[in-house]
Amino acid sequence: MLPPARLIIAITGLLLMLSGAPARAGSFADWTAVIIAGDWRGSGGGPTEAFDNARRDVAQALTRVGFHPSNLRQFSTRPERYRDAAPGKAELEQIYAAMEDLAPRAAGGCLFYITTHGTPQGAVVDKRILPPGVLGAMLDRTCGARPTVVVISACFSGVFVPQLSGPNRMVLTAARRDRTSFGCGEADKYPYFDDCFLSAIGQTRDFQALATATRECVRRREIAEKVEPPSEPQVFVGAALRPILPLFAF
């Protein structure tokens, strides 16, 4: 019998090969990534930069931990305002087209990140609702069985967990399915969840540790700001992905 450490590595390599990804870990250079700011209105109805600030800085943080810029696409509801990052228009058709284009060229894994308002039916994308089932179908068709990390920063975003859960997926949401999240006002730099994600990504080793640190940061921030009820961010990690994630170190 193989020693435990070598057994884990062998199983990991097999899982990666079965998923269609290259049989190596520790690099995000061949991962597809899309980062979306799905709205420009704050919680009071006026304009806010919170979502686009998060979109921009999450993209920069991902490149710092190893994602290749050529495999990363950004989307904004007001792309004409952010010519330096050249985001696409945040429309479901364009987002899906980008995922279809990137996935064959960057087949190591997938990351999907959206920051926006949310409803119990799904996440807002430029005045439309992206339901969990539709996002699940988009990921199934483009990412398939390869390692996939999905981050939903929105109110009620826990509604995505049941339909997106799979053995090869990690799902991290800003709130329970019946709770709001906080920090999307007109004067906020980032939503609280995105702020915590950005703070934690430079202090943690991998996505699983990042999820734990982000959840704890959100808990402490909500206590400090005296907002309630607590949003209670959710995390799911599939059984096949669990042994792989620590090997993909930032």
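Is Asp52 buried or exposed? Asp52 has a relative accessibility of 2% and so counts as buried (under 20% relative accessible area; exposed is over 50% and partly exposed in between, with a 1.4 Å probe and protein chains only).

The model is predicted, with local features needing pLDDT of at least 70 and side-chain atom pairs pLDDT 80 or more, while totals for chains, interfaces and linings use all residues. Residues are numbered from 1 along each chain as its sequence is written, and side-chain values use heavy atoms, without hydrogens and water.

Arg55, the salt-bridge partner of Asp52, is also buried, at 1% relative accessibility. A salt bridge here is a side-chain nitrogen of Lys or Arg within 4 Å of a carboxyl oxygen of Asp or Glu. The whole structure holds 18 salt bridges, including these:

| Pair | Closest N to O distance |
|---|---|
| Arg55 and Asp52 | 2.8 Å |
| Asp195 and Arg221 | 3.2 Å |

Helices are DSSP runs (H or I, at least four residues), numbered from the N terminus. Asp195 is partly exposed at 24% relative accessibility, and Arg221 is partly exposed with a relative accessible area of 24%.

Asp194 is also found in H6 (residues 192-201). Asp194 is buried but has no salt bridge, and the nearest side chain of opposite charge, Arg221, is 10 Å away (Lys and Arg count as positive, Asp and Glu as negative; His and the chain ends are not counted).

Definitions and conventions
Helix = DSSP H or I, 4+ residues; strand = E, 2+ residues; numbered from the N terminus.
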